[in-house]
Amino acid sequence: MIYEIRHVTTYSYESPVSYARCSLRLQPNSSAGQQLVSHSVDIKPLPAARAMRTDFFGTPTESVLIETPHRVLRIDSRSRVYVERFAPGRGDDSPAWESVREASFDSNDLSGASPIGYVFASPLVPIIDAVTDYAAVSFTEGRGILAGAVDLMHRIRTEFKYDPKATVISTPLQEVLDKRHGVCQDFAHIMIAGMRGLGLPAAYVSGYLRTIPPEGKERLQGADATHAWVSVWCGEELGWIGFDPTNDILVENDHIVLAIGRDFSDVSPVDGVIVGARKQKLAVAVDVLLLE
Amino acid sequence: MTGQAGQGKKPRPGHRKVAQWTRDYERLPGISDEFIAQDGTPREVWTRFFEAFGGLAPAEIERRFGSADRHLREAGVTYRAPGEIADRIWPLSHVPLLIDESEWQQISAAVTQRAGLLEKILGDLYGDACLIASGALPAAAIAGSSEYLRAMRGVKPPGGRYLNVYAADLGRGPDGRWWVLGDRTQAPSGMGYALENRLVLSRAFTDLYKSMNVERVAPFFEAFRDSLRASADRDEPRVGLLSPGPFSETYFEHATLARYLGFLLVEGDDLAVSGDRVHIRTVAGLKRLDVLLRRVDANSLDPLELDASSQLGVPGLIDVVRKNGVVVANMPGSGVMEARALLGFLPSLSQKLLGEPLKMPHIATWWCGQKSAREEVLARLDDFAIEGAYGGAVPGFPGYSPVLPSQLSPDERERLKAAISNRGVDYVGQELVQLSTTPVWDNGRLAPRPFVLRVFAAGTPDGWTIMPGGFCRIADQPDARAVSMGAGARAADVWVVADKAVPASTLLPAVDNVRIRRIAGWVPSRAADNLFWLGRYLERAESTLRLIRALSVPQRDPGKGGATALQSIERIHRMLMTWGATSLTSRSQPAKVAAQALQSEQQFGSALSLVRSALRTATSLRERLSPDAWQVITEMAERLAHEVEDDDDVVSAAELTLQELASFAGLAQENMNRAAGWRFLEMGRRAERAINTTRFARQFACDEATSDDLDILLTLVDCQITYRSRYLVGPLLAPVRDLVVLDPYNPRSVAFQVSALNDHIASLPALKENGLMERPQRLAVALRSSLVTGEASEIHTKSLFALEQDLLTLADSIGLHYFPHGASASRPEKLTGLA
């Protein structure tokens with residue numbers, strides 16, 4: 001499938017911003033199951049400098065420096081991506097979760113693709129006993145990693161309420177667990193924290209969902225903004241498999257991966273520091289069209 | 001050791017005392033001690049030391065201890081315990097830790113080896129990670145550390161090394177050998193305190209220090225400084241010491257080191273990234289910074305790429321490191337080597353990378369990320385102390401102390417076992433060890449106390465240099481596993497005692513003294529800002545004190561004044577009210593008003609509050625103020641806080657403080673380097689004095705002023721003598737106005753201040769290159785012309801008011817022009833929201 005994606009980020013400030021230094025992670029990666037066809041980013045005002053590099057996690061990251069005073073920063077990203085991915089069945093066989101844990105502890109790879117990078121607490125995902133206990137219910141002794149993760153994903157989908165007004169980026173995990181509501185980012189963080197508490201490798205994925213569902217199917221939650229889900233390492237053979245706890249589905253051809261990291265702080269599509277704004281307002285518009 | 005008495009010599013006076021001290025010394029069973037060796041006899045260096053020491057009369061010993069304590073207090077050697085706001089005076093043990101040269105050589109060789117090993121491992125981990133791929137080191141032992149900075153993977157350290165400074169915490173094991181207790185690779189603290197400890201103790205015991213052949217530490221600091229400078233890629237590099245700021249627990253040490261090494265003391269706000277370089281904001285604009293010695297943890301260095309909530313860093317710094325634009329010492333990410341999970345792998349890594357065994361053992365450590373180690377720890381749980389595998393707290397357990405399983409409740413024990421089973425990677429089991437002891441002086445006798453010795457290594461182009469000495473922390477409890485400088489601990493100097501005299505070139509006692517270097521280049525904007533305000537606070541305090549004195553003096557002299565004097569007193573009272581020095585209404589007794597204006601803590605304009613504001617400002621300028629100047633300010637603040645009894649006390653307190661202010665001004669005038677910020681202190685003082693003097697003149701030389709008013713004005717501006725020598729009549733309006741406002745020869749006149757301001761501004765660099773006069777200079781020149789050409793007959797209350805406004809505008813424009821990034825400036829903030 002080929003998708004055309006338009007992702008426009010607009011920051012409006014109360015007073016003029018004289019200086020901005022940003023990191024953009026807006027270029028979808030060519031990786032397992034998807035291929036980047038074309039990509040461009042327009043920035044207003046015009047930056048003084050732009051430089052591209054690939055970060056530790058393999059994400060193309062653009063550093064942008066803006067020195068023109070401005071009240072509005074508009075970042076207009078367009079991408080065309082070819083997706084062809086196969087997800088395992090929900091009931092497929094997989095290795096016992098305990099053996100996956102041991103295999104990741106014994107990893108001899110320190111790169112961004114290694115499972116060991118996703119076992120530990122990270123800036124936005126602490127390991128909390130209560131969350132670990134919640135996840136442990138799905139991982140009974142000797143259960144397959146796939147079955148356990150599917151069960152955990154399903155429980156999050158059914159036991160938590162999707163509520164875009166309930167949380168902000170800084171809502172602590174404990175609060176999300178207590179109140180049982182949040183958005184895709186919170187559900188991803190809960191699933192990641194629970195699995196890591198058990199010693200299992202789970203990564204945070206940012207990306208897009210197709211906006212208009214296939215005929216006869218329901219529109220997915222989170223399709224009008226950037227989306228977030230979880231990638232779980234299911235042992236050497238199965239490798240990384242995507243779980244979308246917001247929609248209770250395994251990631252296949254409706255998802256386009258933007259960036260993978262330990263949590264949101266590693267993949268934030270637009271990140272930066274500015275000088276001068278007293279108040280800022282953010283608007284994000286995402287449109288994902290299926291071309292063929 | 002008592003054999004010497006039998007040799008026919010007269011026993012030395014200290015001899016008997018040493019025998020007594022030795023007998024009374026209660027060594028702790030099963031624990032190594034520095035004074036008394038394993039076989040029960042005192043070590044030779046200690047005997048030599050205590051015999052010399054014992055030769056001093058008890059009163060003399062106390063006198064020397066007192067002098068050491070006094071020096072610490074006067075020099076303001078302080079630290080802050082975690083969670084406390086007030087600084088504590090540095091608690092120095094009066095007995096140094098003594099180590100003889102042959103033993104030191106072993107320590108030195110072992111620390112050198114370890115530093116080299118850790119440097120090599122870091123190079124591999126952030127490079128192609130062969131050690132991981134080959135299985136010599138599990139990836140999990142690294143990946144779990146928050147100090148493993150993914151952003152630094154594949155980045156070559158600018159300057160060529162990861163570790164510019166390394167420290168090892170050592171203790172003596174039960175077998176009498178030295179052991180490594182921990183590695184410090186992030187930003188080891190203690191070097192500056194070691195320097196102060198040496199300074200204090202070598203002064204208090206000059207003769208002993210000389211006769212004991214103590215190795216000097218100064219050459220180490222020189223090597224360290226020179227190596228950092230040499231790591232830059234240009235000839236005359238600018239080196240900064242990055243501090244978290246005055247709220248850091250060890251800010252004093254940052255200031256000491258910066259001053260001693262001749263580095264600029266900077267905070268994150270002082271720096272800016274521009275182009276592919278880091279710059280420091282100075283009064284002359286942005287200046288390139290080449291090397292940054294950091295005392296800020298790596299994760300706080302850059303809010304853009306690392307901890308987003310950090311306010312201590314510089315946005316974009318990591319990208320500059322990536323582009324080889326600045327040397328950061330130690331390289332961000334070096335802290336990963338502090339992880340305890342690594343300890344168990346070091347012996348084999350030493351063989352693999354260096355081809356030799358480790359020269360010094362460390363505490364036996366089982367990392368539970370490996371199945372076999374985990375099973376052993378779970379099987380013999382009570383034999384271990386459980387620690388976090390990557391430093392810091394034990395995950396899931398409160399506080400920072402190790403968890404001793406034998407002391408847990410059954411429930412907690414099960415919780416620990418489950419945690420280790422699920423996430424073994426997070427835990428290590430360490431062999432239970434007790435720290436070895438060293439003697440402290442405790443009420444006339446010696447007592448053993450546990451200690452930790454921190455030894456420092458500096459990476460130089462010619463290999464590692466070890467500081468002969470170190471930073472020794474001593475616990476106050478006989479039983480201790482870890483010592484931090486929290487409540488109860490004290491520090492000790494460390495003397496490495498040579499068999500022969502140490503090289504003559506370093507024998508001079510002055511070698512270890514603080515060497516004040518000229519701080520090169522332009523003053524950082526923040527420092528200039530602080531100096532400017534220090535000048536203003538002190539001058540405002542002086543004016544307030546003069547008002548207080550004027551308010552109090554006539555009360556003691558009933559012969560003077562009368563109905564008219566009452567009016568003058570009301571004017572003084574009103575001024576104190578508008579300045580926020582008093583809240584009492586006009587019908588209050590002048591004595592009460594004076595007392596409140598002198599030392600009310602609630603009044604922001606009281607003399608006490610102003611001096612405290614000056615002290616707070618001076619705290620951020622520690623590396624730029626001489627110890628004398630610092631001492632004057634601290635004493636002033638302390639003394640003003642003592643409650644006064646009566647009117648006389650108010651006057652004498654005001655007068656004493658005025659004298660102290662004058663001595664501070666004298667010190668600044670005579671001792672402060674003209675290149676390094678003195679101008680800003682002076683400008684603050686001149687601007688404030690000009691404003692205050694104009695305000696005095698507006699009040700007491702207004703169009704309706706009485707001769708009492710004029711008399712008070714002459715006293716307030718210290719011009720009684722000048723006036724009387726010039727005019728034979730009593731105070732008259734025009735002559736007084738001329739003397740106070742226009743007279744260019746009177747160092748207290750407004751014109752004199754404005755002229756001085758003009759000179760200072762003219763000597764400062766222009767920030768723009770268009771050749772036009774900049775705003776502060778335009779205002780200053782215009783003011784000077786009007787004062788130079790002015791005549792006393794043209795002065796009225798109204799024109800004085802206008803003059804005061806112009807002066808305020810000038811002071812503000814100086815702030816805006818030279819300190820645009822000062823405290824009031826807008827700081828960088830993060831973009832927020834789920835973009």
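**Figure 1. Chain B, overall fold.** Of the contacts in chain B that link residues at least 6 apart in sequence, 71% join residues at least 24 apart. The model is predicted. It scores ipTM 0.91 and pTM 0.86. Chain B holds 27 helices and 22 strands. Its radius of gyration is 32 Å, close to the 28 Å that the globule rule gives for 835 residues, so chain B is as compact as a globular protein of that length. The C-alpha trace of chain B spans about 95 × 80 × 60 Å along its principal axes. Of the 835 residues in chain B, 51% are buried.

**Figure 2. Confidence along chain B.** Mean pLDDT for chain B is 87, and 90% of its residues reach 70 or more. In residues 1-8 of chain B the pLDDT is below 50. That stretch makes six contacts in the model beyond near neighbours in sequence. Residues 504-519 of chain B also have pLDDT under 50. For residues 504-519 the model has 28 contacts beyond four places in sequence. Where pLDDT is low, the predicted coordinates should not be read in detail.

**Figure 3. The contact between chain A and chain B.** Chain A contributes 39 residues to the contact, and chain B contributes 36 residues. On the chain A side, β1 (2-17), β2 (19-24), α1 (97-105), β14 (270-275) and β15 (280-290) each supply at least two residues. β14(A) gives the most, with six residues. By class, the side of chain A that touches chain B has 19 nonpolar, 14 polar and six charged residues.

**Figure 4. A sheet with strands from chain A and chain B.** β14(A) pairs with strand β22 (residues 829-830) of chain B. The pairing is antiparallel and runs over two bridges. A:Val273 stands opposite B:Lys830 in β22(B). The open sheet has five strands, in the order β4(A)-β5(A)-β2(A)-β14(A)-β22(B), with antiparallel pairing. At the edges stand β4 (49-54) of chain A and β22 of chain B. Each edge strand has a single partner strand, so one side of each is left without a neighbour in the sheet.

**Figure 5. Two domains of chain A.** Chain A divides into domain 1 (2-83 + 268-290) and domain 2 (97-267). Their C-alpha centres lie 24 Å apart. In the contact between these domains, 21 residues of domain 1 meet 20 residues of domain 2. On the domain 1 side, β1, β6 (70-83) and β15 of chain A each supply at least two residues. The largest share of that side, six residues, comes from β15(A). The domain 1 side divides into 13 nonpolar, six polar and two charged residues.

**Figure 6. Surroundings of A:Ile190.** A:Ile190 sits in helix α5 (residues 184-197) of chain A. A:Ile190 has 25 C-beta neighbours inside 10 Å, so this residue counts as buried; the cut-off for buried is 20 or more. Leaving aside neighbours within four places in sequence, A:Ile190 is in contact with A:Val131, A:Ile156, A:Leu173, A:Val176 and A:Leu177. A:Tyr134 is 56 residues from A:Ile190 in sequence. In space, A:Tyr134 and A:Ile190 are 9.4 Å apart, C-alpha to C-alpha.

Definitions and conventions:
Residues numbered from 1 in each chain as written. Chains lettered and ligands numbered in written order. Predicted model: local features only at pLDDT ≥ 70, side-chain atom pairs only at ≥ 80, totals over all residues. Contact = placed C-beta atoms within 7 Å. Helix = DSSP H or I, 4+ residues; strand = E, 2+ residues; numbered from the N terminus. Nonpolar A, V, L, I, M, F, W, Y, C, P; charged D, E, K, R; others polar. Pairing = 2+ DSSP bridges. pLDDT = per-residue confidence, 0-100. Buried ≥ 20, exposed ≤ 12 C-beta atoms within 10 Å, placed from the backbone. Rg over C-alpha atoms; globule rule 2.2 N^0.38 Å. Domains from an automatic or database assignment.
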